[in-house]
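Reader: I am new to this structure and would like to learn how to read its features. Could you take me through them in turn?

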Amino acid sequence: MIGVLDYGMGNLRSVEKAFLHLGHEAKVVGDSASVAACSRLVLPGVGNFADGMRLLDERGLREPILKVVASGRPVLGVCMGMQLLMTSSTEDAPSDDAPVPGLGVVPGRVRAFTPTRGGAGSDGRPRLKVPQMGWNALSFGADADDASAPGSPLMAGLDPGAHVYFVHGYYCTPDDPAVTAATADYGGRFCAAFSSQNVHACQFHPEKSQAVGLKILDNFARLPGA
Amino acid sequence: MVKGVNFVELRDAGDPVEIARGYDAAGADELVFLDITASSDNRDITYDMVRRVAEQCFMPFTVGGGIRTVDDVTRLVQAGAEKVSINTAAVLNPDIVNQTAKRFGRCATVVNIDPKRVPYDDFVARTGREPEWVGSARPDGESSTANPGRFVLEVHTHGGRTPTGIEALPYAREVVERGAGEIILTSMDADGTKVGYDLEATGLVADAVDVPVVASGGCGSPEHMIDVLQQTRADAVLAASIFHYGTYSIAQTKQALAAAGLAVRPAPGAQGVIGT
């Protein structure tokens, strides 16, 4: 049974329905006992990083999540859920030196897109609109010209250039670049997905990414269990 | 930056769920359902429709029309709408934009702006204010006999019938300030004409704000999409009738945009979707 964690951050129905559509058993879980009973866990979420951590703690879900991670069962963070797996985030932090702590499962920082990240356009104005809202292409190698096949089993079967749907103003920067499973370009490359042993995550919304996204969710549901 | 090709649902155009499935399969980048409640007093029908679309279409979709309160927004999000588009309510009670953004985030908060050009004298007489922007002509080239070439871009509601006394540019900045994460800009001068998007109004609004702007109204061909995407900072184009009546397919449209050098997501079956 795939558990889709409900901690009060956003719409979980579409993630659950996507797994059901693919023929996998899935249900929304919200308490410690049902999280512990899942064979694999999805940590979704939209919204603010600090709110997300506060809600996880208010509901006593931090330890149950960390236990699932430690048990080797497959975990998938989506969007804000990906970011919460990191060490810390600069979102709403008093300063970059005092970031908001996350779950600390994957070492690294969550950082903000800035409109000037890609430099100025030909009209002299910043190129980027923040948040990024829309489709973008994935790469699995060093850059967009590197047509490597995916290394992570989460991305198995996808071609370089496959498009997925992003809605985010912040992105993860893992300390270990080797965990990066896919990148995309938004004023420069950023980590669009990572796989670190049994812990996987995507910044985009697979449940909103049509056939490509469903393939990723199906891959997750078929990963070897613990 | 990838440009979106969005599809807007037409009122009374058949079962929205079936239509949504068709456009999902055809590779539309996003579905936008507007004014679906306007034709029905039974709002439960809307929530049920949204729920069924969300269960079957794994793609972004926006629902708007008839939203009056944050409770309406909450019910739409709970039914599975990823984004809600607020139009008249944002004019009458702008705080609904702040409340929606606070509860569901900027990314879920879309504001529809329907500007229409009105003669300068008429605007000043009604509002007693000097407008921020005065334009030279309507997209159809027609000028005012009273004041040749003097127009104000005024926000309208009720499909362009009701003027609000509010100018489009300061209004666009205000709703973004209040929390709108996206603007759907439907020019009431261009809407229904099929002679092309309102390049002037779209350009002005897209330059005034730093959130994505979706151009809407007036599309008669993929060339019109290319024009507005190349000549303005619009991020996506929305069209209904050219797809609905089968004048152009989504795949055809995307090929035309790609051939013009615009970054678009290929339609299914094209290269780069899923490996075998």
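Reader: What share of the 276 residues in chain B is buried?

Author: A residue counts as buried if 20 or more other C-beta atoms lie within 10 Å of its own, as exposed if 12 or fewer do, and as partly exposed in between, with C-beta atoms placed from the backbone. By that count, 51% of the 276 residues in chain B are buried. In chain A, 54% of the 226 residues count as buried. This is a predicted model, in which local features need pLDDT of at least 70 and side-chain atom pairs count only at pLDDT 80 or more, while totals for chains, interfaces and linings use all residues. Residues are numbered from 1 along each chain as its sequence is written, and chains are lettered from A and ligands numbered from 1 in the order in which they are written.

Reader: How many helices and strands do the chains have?

Author: Helices (H or I, at least four residues) and strands (E, at least two) are DSSP runs, numbered from the N terminus. Chain A has six helices and 13 strands. The radius of gyration, taken over C-alpha atoms, is compared with a globule rule of 2.2 Å times the number of residues to the power 0.38. For chain A the radius is 17 Å, close to the 17 Å that the rule gives for 226 residues, so chain A is as compact as a globular protein of that length. Its C-alpha trace spans about 55 × 40 × 30 Å along the principal axes. Chain B contains 11 helices and 11 strands.

Reader: Which residues of α1(A) are buried, and what covers them?

Author: Helix α1 of chain A covers residues 13-21, and its buried residues are S14(A), V15(A), E16(A), K17(A), A18(A) and F19(A). Their cover includes β1 (2-5), β2 (26-29), β3 (40-43), β4 (75-78) and α6 (210-222) of chain A, together with α2 (43-56) of chain B. After α1(A) comes G23(A), with a positive phi near 90 degrees.

Reader: How many residues does each chain bring to the contact between them?

Author: Chain A brings 30 residues and chain B brings 28. On the side of chain A that touches chain B, α1, β8 (132-137), β9 (163-168) and α6 of chain A each supply at least two residues. The largest share, six residues, comes from α6(A). For classes, Ala, Val, Leu, Ile, Met, Phe, Trp, Tyr, Cys and Pro count as nonpolar, Asp, Glu, Lys and Arg as charged, and the others, Gly among them, as polar. That side of chain A has 13 nonpolar, 10 polar and seven charged residues.

Reader: Which way do the residues of β4(A) point?

Author: In a regular strand the side chains alternate between the two faces of the sheet. Here V75(A) and G77(A) point one way from β4(A), L76(A) and V78(A) point the other way, and all are buried.

Reader: In what order do the strands of the open sheet in chain B lie?

Author: The order is β6-β7-β8, with antiparallel pairing. β6 (115-119) and β8 (162-167) of chain B are at the edges with a single partner strand each, so one side of each is left without a neighbour in the sheet. β6(B) pairs with β7(B), residues 151-157, over five bridges, and P115(B) stands opposite V155(B).

Reader: How confident is the predictor in chain B?

Author: pLDDT is the predictor's confidence in each residue, from 0 to 100. Chain B has a mean pLDDT of 85, and 86% of its residues reach 70 or more. Among its elements, strand β1(B), residues 4-9, has the lowest mean (66), and helix α7(B), residues 168-178, the highest (98). For the complex, the predictor gives an ipTM of 0.84 and a pTM of 0.89.

Conventions
Contact = placed C-beta atoms within 7 Å. Pairing = 2+ DSSP bridges.
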